[in-house]
Amino acid sequence: MSPESLLLIPLFPLLGAIVCGALGPRLGRQNVGTIASGMVLGAFALSVAAFVAVWNGAEPAVAGNWFTVGAFHVGAGLVVDRLTAVMLLVVTGVGFLIHVYSTGYMADDPSPGRFFAYLNLFVAAMLVLVLADNLVLLFVGWEGVGLCSYLLIGFWYEDEKNAQAGKKAFIANRVGDFGFTLAVFALFALFGTAQFGQLRAAAAGLDPSALLHQGAFAGWTLGGALTLVCLLFALGVTGKSAQIPLYVWLPDAMAGPTPVSALIHAATMVTAGVYLVSRLSFLFALSPVAMLVLALIGGGTAAFAAIIAFAQNDLKKVLAYSTISQLGYMVMATGVGAFWAAIFHLVTHACFKALLFLGAGSVIHGLHGEQDMRKMGGLRKRLPQTAAAFGVATVAITGVLPLSGFFSKDAILGLALSSSNRLFPWSPVLLYAVGTAAALGTAFYMWRAFALTFGGAPRSEAAEHGHEAPISMTLVTWILALASIAALVLGLPLEGGAPIERFLEPVFAQAMHALPALVPARETGVPWALYGVALLVAWAGLAGAWLLYVGPGQAAPAKLAASAPWAYSLVANKFYVDEIYDLLVVRPLFGGARVVWRLIDAGLIDGVLVRGTGWFVRVFSQVVLRPLQDGDAQRYATAMALGAVAMLWLLLR
Amino acid sequence: MTDFPILTLLVFLPLLGAVLVGLLPREEQGQQRALGLGFMLATLGVACWAAAAFDGRAGAPEFQLQTTVPWVKGLGLSYHVGIDGFALVLVLLTAVLGPLVVLSAFSAVKERVKEFVIALLVLQTAMLGAFLALDLVLFYVFWELMLVPMYLLIGIWGSERRLYAAVKFFVYTMAGSLLMLIAILYVYFAVAGPGGHTFDYLEILKAAPKLPRATQVWLFSAFAISFAIKVPMVPLHTWLPDAHTEAPAAGSVILAGVLLKMGGFGFLRYAFPLFPRGAFELRTTLAVLAVVGILYGALMCLAQRDMKRLVAYSSVSHLGFVMLGLSAFTVEGLSGGVYQMLNHGVSTGALFVLVGILYERRHTRALADYGGLARVVPGLAAAWLLVTLASIGLPGTNGFVGEFLILAGSWTSRLANAPVIASVAAAGVILGAVYMLWMYQRVFFGKVRHRENERLADLSGREWAVLAPLAALIVVMGVWPQPWLDWIQPSAERLVQRMGDARAAEVGLAPISEPVFAPAPPRAAPAPGAAPGHPFPQIPPNILRQLMRRHH
């Protein structure tokens with residue numbers, strides 16, 4: 001492929017967005033979906049071509065200038081390396097499937113043009129994000145996907161709740177982006193560039209203990225400055241990839257149409273943070289502090305979100321917390337230097353989590369909008385195909401059989417156990433334990449969701465009359481089910497490393513070279529013991545869920561909740577984090593704004609200073625000046641005479 | 001035709017239009033509007049002519065297309081106009097907004113149409129004159145001339161509390177102007193060119209920077225206060241919310257679009273280059289006030305119930321960014337600041353047009369009176385969304401380029417604690433999203449709560465014609481900013497050079513124009529030796545080594 005055709009990859013969906021957005025109502029429902037899907041298919045075809053080129057050893061790239069002022073050069077170049085090639089296939093591949101699914105799912109929506117315009121725009125922005133050859137252009141995609149997420153979460157804007165959720169997502173991401181932009185400025189100050197190739201070259205062989213004597217970081221060590229940069233990026237990661245403390249927007253984001261949840265809030269956009277860290281692995285590897293922070297945030301989020309998922313009754317909410325938890329695994333992987341495992345899990349998660357969401361979408365579609373699992377049950381009979389595909393994905397994510405998710409999750413846990421960080425020697429054991437506990441939780445809440453939705457008997461009118469999804473939707477779920485199984489090939493523990501590990505090796509070589517101080521070389525061979533533990537944990541979760549929600553223990557969950565009501569409501573209410581943020585941030589901000597407005601703007605500045613000046617002039621003139629001019633001619637004459645004398649004295653003195 | 005006085009034609013063409021509109025019969029409102037629009041368009045044409053005649057290459061003379069006519073010889077007073085990069089882009093902004101403002105008011109203003117059009121045309125002349133004047137008294141005359149039509153626009157065609165707002169606007173600005181006048185007179189007597197005392201800008205520019213530091217601090221302060229009121233900078237901003245709220249939509253567009261830019265322009269043209277030593281003394285104060293303005297203005301937005309007042313406070317916040325960029329004294333910061341002036345003119349101008357369109361239909365500015373409009377007026381909602389995104393600086397819109405350059409330029413500047421200042425300012429970007437999206441949600445999302453809103457008309461063809469150029473500028477200036485930046489940058493470089501020279505002459509320090517890092521490689525030219533098709537053709541700069549070098 002010619003490098004220039006890289007430009008077409010994001011341009012295809014962008015064109016689709018413009019056409020669908022501008023001509024939507026005139027094109028007709030069917031055509032809009034076809035055009036939008038076709039554009040993504042075109043991008044997919046080009047992505048395959050780019051992947052083949054990369055496979056053959058090339059690195060297609062186009063250079064470009066966006067703006068140059070003084071010493072700042074901000075490029076607009078695109079480049080495909082092995083990491084980008086993988087991301088391209090995920091984004092366009094899963095993206096295309098979800099577009100096709102949407103033509104069925106949104107068949108009755110009044111504004112398909114707007115929907116597909118946003119969806120295409122999202123794909124375009126996501127492609128810019130993964131193709132950009134510098135951080136500023138990456139940021140264009142980064143904020144662009146955030147915008148589309150905002151628009152699509154609030155797609156059904158007439159419900160104020162949806163609009164609110166969209167805004168929350170945008171603002172939480174803005175907080176993260178604040179860190180991102182500051183990190184970019186710091187990199188400009190340190191290296192004078194934001195282009196990956198130049199940064200990579202500049203970071204090679206750096207001595208973190210070197211002292212900086214000039215510029216904004218005068219007096220810092222290089223390592224200290226890089227740690228600051230990486231921590232600022234990490235803030236951006238917690239926003240985009242929904243980690244503690246900024247994860248709160250993702251559960252609410254489920255207000256959007258379900259295909260959107262599958263594409264944006266599971267498969268692609270939320271993994272952008274993981275992509276960013278992997279892209280900058282050569283910088284993060286130089287900062288043990290940032291690596292440790294990422295690992296702890298990731299591990300903590302994986303477990304925390306899994307616990308919350310226990311007590312959710314909304315099917316999509318369970319999947320949302322599951323996504324947060326799985327993203328936690330990926331972030332943890334980057335934090336222990338297991339970059340390839342993070343990307344591997346990103347790929348497998350994109351398949352099985354998209355499948356879970358699309359399956360949930362088929363259920364919701366078939367039940368005319370019902371999302372509460374307590375009102376489902378027995379759907380394996382009404383929606384057999386969806387149940388089977390959903391089952392495959394559940395097997396993949398929980399790892400009861402060694403499908404793709406089993407290998408990707410286990411790669412992360414294994415590498416976490418064999419990692420080391422000189423700042424915190426206990427981190428490998430801790431991370432492995434937390435990750436394994438989260439895996440147990442995952443197995444439990446996912447099988448619980450599966451059991452409540454598809455097992456047992458129907459528990460509502462809607463569930464009794466549910467209907468299977470149309471072929472455009474079931475076909476897509478089957479393709480994703482196949483992908484969820486087939487992706488296991490990428491992670492087989494072959495001699496010399498898993499296939500995807502070897503494929504991505506050049507991307508992370510520099511980071512791994514810088515890491516030995518941090519992470520010892522990985523033990524080779526098949527980690528049978530870890531596999532055994534993983535299988536045991538997965539089956540334990542499955543058994544627990546079966547026991548409590550299908551088998552003999554069905555009364556137990558209610559009893560358990562009743563025996564410790566405070567604990568249950570704490571978990572069911574998501575640890576009240578939303579309420580705490582509302583109390584600590586939102587209310588003080590808006591309330592404080594009104595107080596400051598009244599007190600300082602209207603009170604002090606306008607009331608006291610501005611009006612005070614006016615009042616002073618008026619009073620002064622009334623009290624002092626007016627009495628002087630009362631029309632008494634004799635006094636005027638006296639004053640004139642005195643004045644004349646005074647002037648004469650001054651002049652003749 | 002190089003000797004043709006393009007700039008003089010540019011300045012006085014609107015005034016000629018005003019005279020001709022004055023001659024039209026009172027009842028011919030259509031003709032008055034059409035003639036006004038025609039003259040505004042002709043002015044835009046002349047501005048484009050000036051831009052085409054302007055030589056933006058490095059090494060070109062600083063002030064071009066100059067015309068000098070002695071005015072009062074004995075006083076060293078002359079009619080002297082000329083244009084540099086800063087003035088050029090602001091003149092273009094003014095010229096673009098002119099016809100749009102007239103067009104936007106076609107249906108909103110139905111009374112005293114003739115006077116209204118005349119006021120707008122006179123204002124146009126005054127603003128263009130102030131940008132182009134190269135004589136301090138000439139500048140002052142145009143500066144004061146701007147006040148009168150704006151005062152009338154607010155006072156006659158404004159809403160309920162228009163008189164209060166108009167008087168407040170007038171007195172605030174006048175107070176600042178008087179300080180500036182005194183400073184101008186002081187400079188006149190303190191400085192002498194080859195031909196004796198003079199008001200000529202270029203002569204004063206040579207001599208004034210050599211004034212003693214203490215004097216410069218006072219002169220800089222006098223100019224700075226006058227300009228800071230116009231910007232406006234906190235705490236001198238309280239005239240703005242009132243003026244914006246009460247002014248007719250067209251007045252708000254001009255006020256936000258151009259008049260506020262006068263403040264920033266004043267710093268660039270007068271306060272900084274004439275009194276560099278004073279500027280260095282007070283730049284930290286200026287930068288801190290700018291950052292306070294960013295956050296304070298954003299915070300005030302969260303407290304508003306009135307959409308025009310909200311947009312007015314958002315201007316305070318955005319102009320804070322502009323002032324931060326200007327006070328960074330780096331090429332990037334200055335260029336970004338000027339670029340952000342243009343952006344603010346385009347996007348906040350568009351925002352006031354949009355608010356005006358709503359007001360014309362519903363006659364209320366209260367946010368609570370709206371809600372759910374996205375279904376009723378999808379066209380308006382789409383346009384508003386684009387402008388909102390520009391206002392919050394989404395990459396791909398013009399606002400991002402400006403904000404990025406300002407923050408990056410101030411981060412790497414030599415301001416005391418520059419990274420801290422820039423980081424605090426960057427937090428304003430978060431708040432910007434909060435209040436703009438909050439407003440958008442309250443107006444367009446949710447259900448229609450008021451029955452009157454059910455039958456609102458979507459944008460008319462004329463309204464699309466007003467908004468389309470602004471929308472196009474938002475996108476084009478976001479995607480392809482280089483042409484404007486190429487105009488701005490040589491002027492910014494000159495100013496930084498000038499400031500640096502003054503600094504060096506004073507304390508023997510290294511001039512601040514010394515690059516903090518290595519100069520950028522030439523654009524679009526692959527470095528020699530780079531393999532063709534290699535993804536990163538440029539050689540990585542060797543900046544770190546420079547940063548690790550100890551001071552000599």
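**Figure 1. Helix 16 and helix 17 of chain B run roughly antiparallel to each other in this predicted model.** Helix 16 covers residues 398-411 of chain B, and helix 17 covers residues 418-444. Two packed helices are described by the angle between their axes and the distance between the axes. Here the angle is about 160 degrees, and the axes lie 8 Å apart. Angles over 145 degrees count as roughly antiparallel, and the pair is therefore described that way. Helix 16 of chain B brings B:Glu403, B:Leu407, B:Ser410 and B:Trp411 to the contact. From helix 17 of chain B come B:Ala418, B:Pro419, B:Ile421, B:Ala422, B:Ala425, B:Ala426 and B:Val429. By class, this contact holds 9 nonpolar, 1 polar and 1 charged residues.

**Figure 2. Helix 9 of chain B is largely enclosed by the rest of the structure.** The helix spans residues 239-246 of chain B. How many of its 8 residues are buried? The count is 8 of the 8, so the helix is largely enclosed. The buried residues are B:Trp239, B:Leu240, B:Pro241, B:Asp242, B:Ala243, B:His244, B:Thr245 and B:Glu246. Their cover includes helix 5 (136-157) and helix 6 (162-190) of chain B. Helix 10 (249-274) and helix 12 (307-327) of chain B are also among the covering elements.

**Figure 3. Chain A and chain B meet through 61 residues from chain A and 66 residues from chain B.** On chain A, several elements each supply at least two residues to the side that touches chain B. Strand 2 (65-69) and strand 3 (72-75) of chain A are among them. So are helix 5 (135-153), helix 6 (160-191), helix 7 (196-203) and helix 26 (577-628) of chain A. Which helix gives the largest share of the side of chain A that touches chain B? Helix 6 of chain A does, with 15 residues. The side of chain A that touches chain B divides into 36 nonpolar, 15 polar and 10 charged residues.

**Figure 4. The domain assignment of chain A gives three domains: domain 1, domain 2 and domain 3.** Domain 1 of chain A takes residues 1-133. Over C-alpha atoms, the centres of domain 2 and domain 3 of chain A are separated by 68 Å. The C-alpha trace of chain A spans about 115 × 65 × 60 Å along its principal axes. Chain A has 27 helices and 4 strands. Of its 653 residues, 59% are buried. Among contacts in chain A with a separation of 6 or more, 80% link residues 24 or more positions apart.

Technical notes: Residues numbered from 1 in each chain as written. Chains lettered and ligands numbered in written order. Predicted model: local features only at pLDDT ≥ 70, side-chain atom pairs only at ≥ 80, totals over all residues. Axes fitted to C-alpha atoms, helices over the stretch in contact; angles between N-to-C directions. Parallel < 35°, antiparallel > 145°, perpendicular 65-115°, else oblique. Contact = placed C-beta atoms within 7 Å. Nonpolar A, V, L, I, M, F, W, Y, C, P; charged D, E, K, R; others polar. Domains from an automatic or database assignment. Buried ≥ 20, exposed ≤ 12 C-beta atoms within 10 Å, placed from the backbone.
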